[in-house]
Amino acid sequence: MAKTEGQKLEEKLCYKIKNIGMERPEELEKAMEFAEGYKNFLDHAKIEREAVRYSIQLAEEKGYKEFERGKRYAAGAKVYFNNRGKNIILTTIGQKPLVEGVHFNIAHIDSPRLDLKPNPLYEKDEIAYFKTHYYGGIKKYQWGVTPLALHGRIMLADGTAIDLEIGEHEGDPVFVVTDLLPHLAQKQNERKLSEGLRGEELNIVLGSTPIADKEVKAAFKLKILSILNEKYGITEADFLRAELTMVPAQKAVDVGFDRSLVGAYGQDDKVCAYTALMAELDAVKPEYTTVTVLVDKEEIGSEGVSGMASDMLLHYMEDLVEAEGERVRDVLRNSLCLSADVNAAYDPTFADVYELQNASFINKGPVLTKYTGARGKSGSNDASAETMQKVIKYMDDEEVMWQIGELGKVDAGGGGTIAKFIADMDVDTVDLGVPVLSMHAPLELTSKLDVYYTYKAFKAFNK
Ligand code: MN
Ligand code: MN
């Protein structure tokens, strides 16, 4: 049937976000294939150290060399800089001189989790436990009765590092936070949801057998120490020089009969980290020099030497730019940054926290988020119209399907990203990333089409 005049006018004048699966079903196969590499990354990058290690491995396979200060690089050269094993900065030198600006693409590789307290080990009533202190914004009740794996590093007194990863391999034990049986939960059920499990109740079960000696005071705790000592040569005091954390032991899986979704821990923000990394590795003599950064500590406010609030990226830029005899401020002023972080996907079950006209949806591509923040945009980098124009043009020129989005209804809550820290460096910045369902839960969901299209958007940016 022929379109009416009104329909034609509607098509011409109205903005409509489209479902990629509806418009381009032929892309599904490529998205499925891309997701396999992504799931593999997730399984090797549950904490920031592992993400850096795995990224370096992939980068070196693609010919990246460690960045050398003072060296001048030719267009097409690929280098990386490892900041304390917790951040990686990857660069492909572009065709334009640095002074015309660089293209930053920055994602975070830390995710919410249960960190061990500095002195974590104890026993109570003949069960051994670790005490934890949660990291990042979690709904605490979600972290009970789910299998957990131990990750992190212990530094011995002599400076030797021991990296742990227990609960991830076939035959490994896992760890768990217990919850009360419903039969005895009458009082607990009256608690507010935010206190379903309280911070000091997130204790990890480690074992239940003693050193069989009735003269020992804490025989169950001692048993755990004896196992750790036998296996790693450590004593209780070594926990004081450690960064250990509990993360969901679950591997990345396909979700749904159609396998259209990835279910995994830590997709905020390894989904943007992986897509940014892949687009970086693929860059061949880009127009602008690419600076792809995977950062730590976003979930606790980007603080610390490995967080985006530190000067570590500025110092790298100084080293890169000074070798060209330019001033770093001239380069930054002309640069453009994608703050690559996830957004909240519309969840039909909890529809009332979203404002549909500005919500982001799964399967509609990467979300361009002009501003984040809370209340009156507090704590937000509010991208300019000019910045929006530039980034939208990169995507539209390459026919990348994308969507506009806001975090949720006005005053429903809010949140921030690393965008404001980059803007503080005098760089035009906007947020672009994948919509996620069940964000910050032990199992988060993303759509494979969105993951693939976010990669395509980043590729367009690195062209
Ligand atoms: Mn994030
Ligand atoms: Mn987050």
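1. Basis. Because the model is predicted, local features need pLDDT of at least 70 and side-chain atom pairs count only at pLDDT 80 or more, while totals for chains, interfaces and linings use all residues. Residues are numbered from 1 along each chain as its sequence is written, chains are lettered from A and ligands numbered from 1 in the order in which they are written, and side-chain values use heavy atoms, with hydrogens and water left out.

2. Salt bridges overall. The structure holds 37 salt bridges (a salt bridge is a side-chain nitrogen of Lys or Arg within 4 Å of a carboxyl oxygen of Asp or Glu). Some of these residues form a network: Glu 48, Arg 49, Lys 86, Arg 113, Asp 115, Glu 243, Asp 296 and Lys 297 are linked by salt bridges.

3. Glu 287 and Lys 96. These two side chains form a salt bridge, with N to O at 3.7 Å. Glu 287 sits in the loop between α6 (267–282) and β14 (289–295), and Lys 96 in the loop between β3 (87–92) and β4 (102–108), so the pair ties together parts that are 191 residues apart in sequence. Helices (H or I, at least four residues) and strands (E, at least two) are DSSP runs, numbered from the N terminus. Glu 287 is partly exposed at 35% relative accessibility, and Lys 96 is also partly exposed, at 26%. Here buried means under 20% relative accessible area, exposed means over 50%, and partly exposed lies in between (1.4 Å probe, protein chains only).

4. Lys 117 and Glu 200. Their salt bridge has an N to O distance of 2.8 Å. Lys 117 belongs to strand β5 (residues 113–124) and Glu 200 to the loop between β9 (176–177) and β10 (204–207), so parts 83 residues apart in sequence are tied together.

5. Glu 398 and Lys 463. This salt bridge is 3.1 Å, N to O. It links distant parts of the chain, 65 residues apart: Glu 398 is in the loop between α9 (385–397) and β19 (403–404), and Lys 463 is in the segment after α11 (448–461). Glu 398 is partly exposed at 37%, whereas Lys 463 is exposed at 56%.

6. A nonpolar patch. Leu 180, Leu 181 and Leu 184 make a nonpolar surface patch of about 280 Å². Patches are made of residues with over 30% relative accessible area and no salt bridge; like charges are joined within 9 Å, and nonpolar side chains (Val, Leu, Ile, Met, Phe, Trp, Tyr) within 5 Å. The areas come from the Shrake-Rupley method with a 1.4 Å probe, and for residues only the protein chains shown count as cover. Leu 184 lies in the loop between β9 and β10 and is exposed, at 59% relative accessibility.

7. Strand β11. Five of the seven residues of β11 (residues 242–248) are buried, so the strand is largely enclosed by the rest of the structure. Strands β5 and β11 run antiparallel and are joined by two bridges (two strands pair if DSSP finds at least two bridges between them). Leu 114 stands opposite Met 246 in β11. Strand β7 (residues 148–155) pairs with β11 in the antiparallel sense over seven bridges, and Leu 148 has Pro 248 in β11 as its bridge partner.

8. Cysteines. How many disulfides does the structure hold? It holds zero, a disulfide being a pair of cysteine sulfur atoms within 2.5 Å. Cys 272 is in no disulfide, and the nearest cysteine sulfur, that of Cys 337, is 12 Å away. Cys 272 is buried at 0% relative accessibility, and Cys 337 is buried at 0% as well.
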